[in-house]
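Let's take a friendly walk through a protein chain, one stop at a time. Have a look at the picture first, and then we will start with a question.

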Amino acid sequence: MKLFKVLTMLIATIIVPHSALADVAFSGYGSIVAGKTFGSVDDPLNPGETRDEILTADFYDVGQYDNDIKFTPESVFALQALVDLGDDLKFTAQLVAKGTDDFEPEFDWYYLTYQVNDSWSVMAGRRNIPMYYYSEFSEVGYAYPWMRPPSNLYWWQITQFNSFQASYDFEWGDYSNNLTFFYGNENSYDNKEMLFYDELFGGNARSVDEFWSDILGFNWNIAGDDFEVRFVYFQNDRDRTTTAQDGTETDSVPFDQQFLGFGGYYNFNQFTFLFDWNHVEYDDVVGTEYPTYLVSLVYNIGDFQPYIAYSKADHENTKTAAATKDLEEHYILGYGVRYNFHPSASFKIQYDKFEEQGNKATGWAYHGDSRTLTMGIDFIF
């Protein structure tokens, strides 16, 4: 029924008389994806028991595949409206309905932009944190060759924020540059991913609230004829409150975190090489660090794009007394093909092997191995 409501809204948008849309431009995207895992594994959290293989394809929304065919972990529909208010001022809003939320529509983007001059623009409002190379369009499946950006890199519990941003476009030699500075905050009440982890490790919390404050950073895009690279750095304060079923609240020890990233692509002949390297560091008592990276090669042959992708995630404690690498660690090796059967739509099929390399003795091998086949259609309008 909720999916029907979303489709009804999209159809209503299309049939609205053009005269009423003179200053409003509508666009959107969607993905219809189905998938399943194969076989069973020893349950890493319940020794002596087995369970279905599980692939978490979307950590933020806890979209997971198991041995049953599922459509909800990654299917999504979105409608975006761009309102031209005149005199270089525009308003953007994006309504999104996800399978993981039972297709309940939600405004996840809404912001004002003002074009100061040919080089400078400013923005105020809500949109994705420019973390990874694909963060700002990570849910637009049509924008990249794979079924998804690898979930063991794009795995954070906060992906959006309310912010102010200032953007500067300039030329440097033969290259186009964009330098954006941003500042914002995000209070994520009843955070879905953190509540999932609480339950996974035997907790019984009513809710987990996550707070990222003073998110301050910049990103720098450089683009040439055959390549684009992007540097990003930001830091923020992080806090968390867990509420038990009886209402008792427990605050975690707050700390600062820093995010550093470098990603992009390079086209040569019929190949495209894509990469994304990132390093997250906590200023906590154990010196937590998360080094992650992605490398991928795509072969462009007519309307087909066969590809391979490898992503690795690690978790280390670096301060002397607690220094260890025997924590969370895993990789995903994915193969697939994208077929651009329509100017605005593509079909994809992808096989993923998730290899658990975490330390069992310390309880960090909690994902378990999995083999997953997904296929779907991505489209834009």
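Which residue in β13 is the bridge partner of Asn-221? To find out, keep in mind that what you see is a predicted model. Start at strand β11, residues 175-188, which runs antiparallel to strand β12, residues 207-223, and is joined to β12 by twelve bridges. Here Asn-178 faces Asn-221 of β12. On we go to strand β13, residues 227-243: it is antiparallel to β12, and 15 bridges connect the two. The partner we were looking for is Arg-230. Between β12 and β13, the chain turns through a hairpin of three residues.

Now for the aromatic rings. The whole structure holds 41 aromatic pairs. Phe-273 and Phe-275 form a stacked pair, because their ring planes are at 15° and their centres are 6.0 Å apart. Phe-275 is buried, at 17% relative accessible area, whereas Phe-273, at 33%, is partly exposed. Tyr-293 and Tyr-310 make a tilted pair, with ring centres 6.2 Å apart and planes at 40°. Since Tyr-293 belongs to strand β17 and Tyr-310 to strand β18, this pair ties together parts 17 residues apart in sequence. Ring pairs also link a cluster, whose members include Phe-59, Trp-155 and Tyr-290.

The charged end of Arg-127 sits over the ring of Trp-109, 4.6 Å from its centre, and Arg-338 lies over the face of Tyr-142, 4.8 Å from the ring centre.

Our last stop is Asp-87, in the loop between β6 and β7. Asp-87 counts as exposed because its relative accessibility is 71%.

Key: Residues are numbered from 1 along each chain as its sequence is written. This is a predicted model: local features need pLDDT of at least 70, side-chain atom pairs count only at pLDDT 80 or more; totals for chains, interfaces and linings use all residues. Side-chain values use heavy atoms; hydrogens and water are left out. Two strands pair if DSSP finds at least two bridges between them. Helices (H or I, at least four residues) and strands (E, at least two) are DSSP runs, numbered from the N terminus. Buried means under 20% relative accessible area, exposed over 50%, partly exposed in between (1.4 Å probe, protein chains only). Rings of Phe, Tyr and Trp (its six-membered ring) pair if their centres lie within 6.5 Å; planes under 30 degrees apart count as stacked, over 60 as edge-to-face and the rest as tilted. A charge sits over a ring if NZ of Lys or CZ of Arg is within 6 Å of the ring centre and within 35 degrees of the ring normal.
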